Amino acid sequence: MEKIKSLNFIILSTLMLFFLITFVWGIYPVPIKAEDKPPIKVGIVYPISGVMGTIAIPSYKAHLLAMSEINAKGGLLGGRKFEWIVRDPMGKPELETRYCREMLISEKVDILHAGYGSALGMAASAVVAESGRGLAFLEGGKTSKLRNEKFHRNVFFLEQEDVPEARGMAKALCEYGPLKDIKEPKVYFLSWDYEYGRSLYHWFAPALKKYKPNVKLMEAWTKVAETDYTPYISLIAGAKPDVVVTTIWGGGIPSFLKQAKAYGLWDITNLFASTEVAGVEYLREVGELFPVGTWVNVMELPGIPGNEGHRKYWEAFRKMHGEDPGAFGVRNYIATYFLAKAIENAKSLDPEKLIPALENTSIDTFLGKVWMRKTNHQMMTGMYWGPLIKSDPPYHRTLDKAKMYWLNDIDVSLTDDEILNIRKSIK
Amino acid sequence: MFFGKKRRSIIGLSLFILLLALFLPVVLPKFLTFLLTEIIIFGLFGIAVNLLVGYSGMVTFGHGAFYGLGAYTVGLFLTKTGVPFIVAFLLAPIIASFFGLIIGFFCVRLTQFYFAMLTLAFGMLIWAIIYKWEKFTGGDNGLVGVPLPSILSSTQAFYYFTVCVVIICLIVLWRIVNSPFGYTMRAIRENPERVRFLGINLTRYKLAIFVISSGFAGISGGLYTAFTKGAFPDYASWAKSGEGLIIVLIGGMSSFIGPLIGAAVLVFLQQIVTMIFQYWSIVLGILLLLVVLFLPEGVMGIKEKVRFQR
Amino acid sequence: MDLNFSLLGAQAVAGLTRGMLYYLLASGLTLIFGVLGIINFAHGTFYMITVFLTITLAVHTNYWIAAILAPVILSLIGGICEFFLLRRIYKAHHLLQLLLTFALVYIGVDVVKIFWGTYPKSLPQVDLLQGGIFIGGIRLPFSYLFMISVSAATGIALWLILYKTKWGTIIRACTIDSEVADTLGINVRMLFTLVFMLGIYLAGIGGVVAAPVIGAVSGMDMEIIILCFAVAIVGGVGSLRGALLGALIIGLVESFGLLVLPQFAIAFIFGVMTIVLILRPRGLLGRSAS
């Protein structure tokens with residue numbers, strides 16, 4: 001009996017010690033060599049696997065590119081270089097919370113990139129509020145809820161907000177697109193039933209009604225990451241709308257486009273595909289399936305804008321990652337340069353200095369002016385809106401340069417007063 | 001014979017671990033304290049699941065639902081009403097076991113495969129309701145900003161709170177599994193026919209253990225919400241139920257404390273692996289395969305292997 | 001919304017097609033459970049990998065060659081899994097059986113990630129499957145017709161094998177009592193392997209017919225396995241006719257549920273599954289759940 005008891009004891013304590021040692025060794029931040037300048041620590045918590053991966057990966061790669069370029073040019077603040085740590089929360093809010101805590105509290109990163117999608121964004125935002133240090137850039141949560149209700153000084157938003165996207169959609173459809181000359185149009189809104197879809201609809205419907213008061217707006221909500229749209233397609237076909245507006249992305253796009261084509265949906269109606277699904281990451285696979293004339297919003301495409309800065313970005317991205325940059329990448333590339341300028345302006349990484357610097361910095365990029373809106377910490381840029389036309393392989397589609405236009409987000413966003421009113425009404 | 005040899009070794013071991021648990025946050029960095037808290041909460045969940053799996057032979061695939069119910073009880077009461085924290089926290093096991101009563105009522109009549117399927121179905125139903133009832137639960141956004149009382153706001157304070165709660169739960173659970181009731185459940189696991197022959201109403205006993213198990217799962221869910229100050233539909237998913245089963249397996253289903261060890265292994269391993277390697281899922285899958293094939297009794301079963309390897 | 005014939009008809013067609021895909025998967029699942037007694041959580045994983053593999057093979061050769069090769073390859077992989085892994089746990093604790101196939105799911109997730117990355121993939125257009133026909137004003141795309149006919153043909157072939165051949169009789173005998181079959185001198189171990197491979201082959205066919213219609217994306221394994229369980233439960237585990245009936249019911253409930261309660265369609269399915277398990281655990285056509 002004694003032997004068993006001590007064996008039991010030994011085994012357990014050995015296991016526990018083994019884990020603790022390996023663990024602590026792994027967790028303790030590596031001490032920096034004395035002669036190096038302290039790095040600018042960046043924590044990246046991106047859902048590289050799972051549903052969000054399609055969006056997270058190009059963003060992540062673009063960040064890496066920008067940071068490497070800045071490091072190669074000598075870094076910031078007199079030679080300090082970016083150093084980054086990456087974690088993949090696999091789409092789970094528990095892991096998002098854990099890794100954000102790890103980044104902010106254990107690794108003590110100066111900048112945290114996190115929050116892909118509204119649930120992860122909420123989780124990340126909560127951790128920032130809790131930790132009271134560091135700055136966070138939330139990437140993928142488009143919902144205005146995060147910016148209005150859950151606003152926090154240390155949190156900034158890079159992704160295009162739902163308000164300008166939704167209003168931009170209404171403007172594009174009614175002023176330039178398929179609904180331009182129709183007095184009483186019929187519009188079908190097809191979306192996954194989740195925060196982004198709902199919030200987009202929330203802002204789209206009134207904007208659309210302003211343009212076309214007699215519009216008949218119908219809705220169909222599918223489950224998230226739905227792969228079978230056939231029942232919805234027959235519903236939509238039966239209603240014969242003038243345009244179908246979708247917020248589908250990721251794996252839903254190949255499925256939806258294939259099924260829509262099989263059902264001949266595009267003989268009956270037109271398509272508006274939102275959320276930048278006309279990026280090369282999609283066109284590569286399903287470019288030919290987008291009906292010609294599909295209206296989309298994107299920040300860039302091969303050759304669009306096509307100026308020197310844009311070409312350099314493409315070359316550099318191709319060189320570093322061996323693939324063409326996905327549409328979601330450029331925003332984060334620009335954001336890192338924006339951050340770099342703000343850091344130089346602030347001459348420090350201390351949030352107390354960096355926050356006002358971010359709020360007051362602007363840069364000129366190959367996509368125009370980029371600045372930070374003080375009221376809701378939303379990074380402001382713009383987007384191209386236009387119909388797709390045929391182009392050469394491998395992408396098969398591109399924007400019609402004759403009909404596309406650039407819209408600055410600020411022109412279709414909420415005003416400062418509106419934002420403050422929303423916040424007041426929540427209390 | 002109260003302090004017989006076996007009792008002494010258990011008490012000795014428990015004291016050692018307790019002291020370690022209380023001492024650790026003082027020396028360890030904050031993040032590790034976070035991880036330990038997570039492990040302890042997760043371990044409680046696993047032990048609750050093991051009441052059914054290990055002690056009663058009822059493999060349940062829906063316990064994530066009770067974890068989620070406990071989590072959302074705490075979350076909803078604290079964000080939508082003004083009740084004090086302790087009230088919301090105590091409501092978690094109450095609500096979870098209430099649902100456990102309803103769900104268990106239907107499930108315990110069935111055996112093995114059908115029991116697992118029905119617990120899965122109920123689990124998914126609850127998940128779907130939490131996910132879809134956006135107006136009430138926040139839907140896919142989850143609930144955030146759950147306020148905690150200020151005494152619990154520091155990492156260490158919360159850790160001690162968790163340790164206290166879990167120790168109380170463990171004492172209660174230990175008494176339960178080592179009571180006549182607990183032994184009856186073991187007998188039911190081994191030979192239900194014989195137990196029925198003794199005049200015992202199997203269904204009632206099974207229902208009782210199901211309710212108890214769901215209550216403790218609810219406590220762990222409530223703890224987790226307080227820990228992350230948020231609740232998400234993910235907490236009630238079948239993936240969570242699966243994780244509960246995994247830590248039971250890895251730790252050892254024939255051991256009381258096994259699932260807690262399993263939780264430690266899983267959390268530590270995941271943290272270490274994700275720090276160096278981007279493919280965690282395959283590592284977990286291979287680990288599971290190895291445990292199922294070569295160490296089915298789990299970590300706590302190692303001592304058995306050693307014992308019999310004379 | 002006009003509930004006219006063509007809308008109802010279109011929804012029925014959509015539900016029917018979806019149901020036939022579920023049938024292919026559920027039949028494999030139920031066969032494996034009926035004979036081997038194992039709940040194969042990894043069934044959706046094999047399906048998912050088949051879709052990805054079909055796309056890759058089709059890009060290098062063509063769809064039809066891929067359609068023949070892919071299920072065979074997956075079936076072989078399934079056989080390897082059965083031989084080295086599953087065989088050891090037939091008599092093991094229930095939890096071990098569950099977690100073994102669960103482990104395969106976790107492995108499958110990263111296998112797809114490693115070999116195909118995380119971007120969704122799409123099968124290049126199959127010329128023969130473009131276009132469609134109109135029946136009574138309802139459009140039926142050829143790709144859907146293909147799915148329905150292949151599933152139906154598979155169902156018939158399966159029935160023929162099980163009821164008209166010696167092997168089929170043996171398999172059915174094992175479904176009832178594999179120990180007795182063993183004492184009759186039947187090589188039950190090899191039979192188990194073959195049945196598992198057959199089940200995976202069926203999942204593979206499902207993947208092949210689904211590829212022209214949907215995109216391949218990670219996460220599709222989890223999505224489909226839950227539905228397969230629902231189908232198997234509703235129809236009755238261990239019964240192929242049950243799998244067909246369950247599949248059609250679930251498929252149609254999904255399509256028509258959209259017209260009635262779009263928001264809660266998914267809760268609907270779980271609700272149906274729950275109710276069946278409560279009221280009639282053995283399902284509509286299954287044997288008794290003792």
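How many residues does the largest nonpolar core have, and which of them have the most contacts inside it? The core has 348 residues, and C:Leu99, C:Cys228 and C:Val231 have the most contacts inside it. This is a predicted model.

- Helix H2 of chain B, residues 30-55, gives the core its largest share, 18 residues.
- Chain A takes part too: the core draws at least three residues from domain 1 and at least three from domain 2 of that chain.
- C:Leu99 reaches across to chain B. Leaving aside neighbours within four places in sequence, C:Leu99 is in contact with B:Leu245, B:Ile246, B:Leu249, B:Leu288 and B:Val292.
- In soluble globular proteins, nonpolar side chains tend to be buried together.

**Where chain B touches chain C**
- The contact involves 33 residues of chain B and 35 residues of chain C.
- On the chain B side, the elements giving two or more residues are helices H5 (112-132), H11 (238-251) and H13 (280-294).
- H5(B) gives the most to this side, with 13 residues.
- By class, the chain B side has 28 nonpolar, 4 polar and 1 charged residues.
- One helix pair here is H11(B) with helix H4 of chain C, residues 94-116; their axes come within 11 Å and cross at roughly 115°.
- That crossing is left-handed.
- H11(B) makes the contact through B:Gly242, B:Leu245, B:Ile246 and B:Leu249, and H4(C) through C:Leu95, C:Leu98, C:Leu99 and C:Phe102.
- The contact of H11(B) with H4(C) has 7 nonpolar, 1 polar and no charged residues.

**Inside chain B**
- Helix H8 (residues 180-190) and helix H10 (residues 202-228) of chain B pack at about 115°, and their axes are 11 Å apart.
- The crossing of H8(B) and H10(B) is left-handed.
- H8(B) contributes B:Thr184, B:Met185 and B:Ile188, while H10(B) contributes B:Leu202, B:Tyr205 and B:Ile209.
- By class, this contact has 5 nonpolar, 1 polar and no charged residues.
- B:Gly68 sits in helix H3 of chain B, residues 64-80.
- Beyond its neighbours within four places in sequence, B:Gly68 is in contact with B:Ile126, B:Trp127, B:Ile130, B:Gly221, B:Tyr235 and B:Ala236.
- B:Gly68 and B:Phe23 are 45 residues apart in sequence, and their C-alpha atoms are 31 Å apart in space.

**The two domains of chain A**
- The domain assignment gives chain A domain 1 (35-141 + 306-366) and domain 2 (162-303 + 382-426).
- Their C-alpha centres lie 28 Å apart.
- The two domains touch: 12 residues of domain 1 are in contact with 13 residues of domain 2.
- On the domain 1 side, helix H2 (53-72) and helix H12 (329-346) of chain A are the elements that give two or more residues.
- That side has 5 nonpolar, 5 polar and 2 charged residues.

**Backbone details in chain A**
- Most residues other than glycine have a negative phi, and most peptide bonds are trans.
- A cis peptide bond joins A:Ile304 and A:Pro305, with omega about 5°. A:Pro305 is in the loop between strand E10 (295-298) and helix H11 (308-321) of chain A.
- The bond from A:Pro393 to A:Pro394 is also cis, with omega near 5°. A:Pro394 is in the loop between strands E14 (382-390) and E15 (397-399) of chain A.
- A:Lys108 has a positive phi, near 50°. A:Lys108 is in the loop between helix H3 (93-106) and strand E3 (111-114) of chain A. With 14 other C-beta atoms within 10 Å, A:Lys108 is partly exposed.
- A:Ala225 has a positive phi of about 60° and is not a glycine. A:Ala225 is in the loop between strand E7 (216-222) and helix H8 (230-239) of chain A. A:Ala225 is buried, with 22 other C-beta atoms within 10 Å.

Key:
Residues are numbered from 1 along each chain as its sequence is written. Chains are lettered from A and ligands numbered from 1 in the order in which they are written. This is a predicted model: local features need pLDDT of at least 70, side-chain atom pairs count only at pLDDT 80 or more; totals for chains, interfaces and linings use all residues. Axes are lines fitted to C-alpha atoms, for helices over the stretch in contact, and angles run from 0 to 180 degrees between N-to-C directions. Helices (H or I, at least four residues) and strands (E, at least two) are DSSP runs, numbered from the N terminus. A crossing is left-handed if the near helix is turned anticlockwise from the far one by less than a right angle, and right-handed if clockwise. Two residues are in contact if their C-beta atoms, placed from the backbone, lie within 7 Å. Ala, Val, Leu, Ile, Met, Phe, Trp, Tyr, Cys and Pro count as nonpolar, Asp, Glu, Lys and Arg as charged, and the others, Gly among them, as polar. A nonpolar core is a set of buried Ala, Val, Leu, Ile, Met, Phe, Trp, Tyr and Cys residues joined through C-beta atoms within 7 Å. A residue is buried if 20 or more other C-beta atoms lie within 10 Å of its own, exposed if 12 or fewer, and partly exposed in between; C-beta atoms are placed from the backbone. Domain bounds come from an automatic or database domain assignment.
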